[in-house]
Amino acid sequence: MNNFEPIFKKNLASKSALLKISSVLLATNLKTGGFRSIFEGNGIEFSSVREYFPGDNVRAIDWNVTARMGRAFVKQYEEDQELNVFILLDGSASMHALGGEKFLTACWCAALLSSATHLRDGAVGAILFDGELRFCCPPISGFAQNALVLSKIDSFSNSVSRGTAIEGALNLCATLLNKRSLIFVISDFRVNADLWKNGVSFLAAKHDVVAIKIEEPFDFALPHLGTLNFFDSETLISRVLPTSSSSFEKSWKKAAVERANFWRETCAKNGVSTIEINTKDDVCESLSRFFAKRRRR
């Protein structure tokens, strides 16, 4: 059993009222956050057209535009809007390092997004993974579905398996979604970009994809504690590092900044929006600020 699971259970129980309040605040921002492509349904007022996506109602095809463009386009309307959200939550070994604060923050983030979606009468689905795929469900609306997702997040534990199944999770996500969706990938992304960039790029071609990078202060600066032995839970490599050395401190920070910049650039090139949440941040505020920024754009 994972050592951090009881901690999250205690936190989730003690924060149940906060979860409800924060979800209400987040729900409005989620629906008005500028993700137009996933909210348009078959209402009354005509809005625009977009390229046909498998699963769309063929009766909504705009044949005039289709004939001009040489490929299928469908009409979009402003009302009868639907919210379809899918959450991919990373519980791999690196998320549990140094106290597991990244994992707890990621779980809280996923719980908020699921509850906010439910409050907007949206459909929510999820994939939980570490070194293997641990749980998967397609987007469904309703109280029972939100309760299921929260329950799975609450009991999500890190297995003894190393590595990450992020590539398989992204591929599975692509096969599950038959309508345009808002996809959140919650991870520290401490893996080779080749394992996730093609997957998010494929999803971003048809969906709104948001990569949420969970960070902690230790990613950028270690406390000065002298020479310590460090153990990488993913690779099992052990190294002795001089944490009090000024040159080491600069190298550590430089490597972290380069990783962060590379992640941002890779996501931008593949049409993926990004959010960076530190374990010391207010998760609801960070998410709301992102949606507000999208709305202004």
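I take contact to mean heavy atoms within 4.5 Å. With that in hand, I looked up Arg239. Arg239 touches Leu228, Asn229 and Phe230, leaving aside residues up to four places away in sequence. I keep in mind that this is a predicted model.

**Entry: Arg239**

I placed Arg239 in strand β9. Is Arg239 exposed or buried? Arg239 counts as exposed because its relative accessibility is 56%, and the cut-off for exposed is over 50%. I also checked the spacing to Leu228.

**Entry: the whole chain**

I stepped back to the protein chain. I found nine helices and 10 strands. The chain has 297 residues, and 48% of them count as buried.

**Entry: the open sheet**

In which order do the six strands of the open sheet come? I read the order as β5-β4-β3-β6-β7-β10, with mixed pairing. β5 (133-141) and β10 are the edge strands, and each pairs on one side only. The twist averages 15° from one strand to the next.

I noted what packs on the sheet. Helix α5 (residues 143-155) does, and touches β3 (84-90), β4 (123-129) and β5. The direction of α5 makes about 160° with that of β5.

β7 and β10 run parallel over six bridges. Here I found Glu215 with Asn278 of β10 as its bridge partner.

**Entry: strand β3**

I went through β3 residue by residue. How many of its seven residues are buried? I found seven of seven, so I call the strand mostly covered. Both faces are covered. On one side I listed Asn84, Phe86, Leu88 and Asp90, and on the other Val85, Ile87 and Leu89.

Next I looked at the neighbours of β3. Seven bridges join β3 to β4, and the two run parallel. Leu89 has Leu128 in β4 as its bridge partner. β3 also pairs in the parallel sense with strand β6 (residues 182-187), over five bridges. Val85 stands opposite Leu182 in β6. I also traced the path from β3 through α4 to β4. These three make a right-handed β-α-β unit.

**Entry: the nonpolar cores**

I looked up the largest nonpolar core, which has 42 residues. Which members touch the most other members? They are Leu89, Leu113, Phe184, Ile186, Ile212 and Leu287. Helix α4 (residues 101-119) gives this core its largest share, 11 residues. Apart from this core lies another, of 23 residues, with Phe86, Phe129, Cys173 and Ala193 among them.

**Entry: helix α8**

I checked the span of helix α8 (residues 246-269). Its 24 residues reach 35 Å from first C-alpha to last, close to the 34 Å expected at 1.5 Å a residue. Which residues of α8 are buried? I noted Phe248, Ala256, Ala260, Trp263, Thr266 and Cys267. The cover over the buried residues includes α7 (197-204), β7 (208-215), β9 (238-242) and β10 (273-278). Gly271 follows α8, and its phi is positive, near 70°.

Most residues other than glycine have a negative phi. I looked up two residues with a positive one.

Asp121 has phi near 60°. I found Asp121 in the loop between α4 and β4. Asp121 is exposed because its relative accessible area is 67%, where exposed means over 50%.

Phe189 has phi near 55°. Phe189 lies in the loop between β6 and α7. Is Phe189 buried or exposed? Phe189 is buried because its relative accessible area is 8%, and buried means under 20%.

Technical notes
Residues numbered from 1 in each chain as written. Predicted model: local features only at pLDDT ≥ 70, side-chain atom pairs only at ≥ 80, totals over all residues. Heavy atoms only, no water. Core = buried A, V, L, I, M, F, W, Y, C linked by side-chain atoms within 4.5 Å. Buried < 20%, exposed > 50% of the residue type's maximum accessible area, 1.4 Å probe, protein only. Helix = DSSP H or I, 4+ residues; strand = E, 2+ residues; numbered from the N terminus. Expected span 1.5 Å × (residues − 1). Pairing = 2+ DSSP bridges. Axes fitted to C-alpha atoms, helices over the stretch in contact; angles between N-to-C directions. Right-handed = clockwise from strand over helix to strand, strands pointing away.
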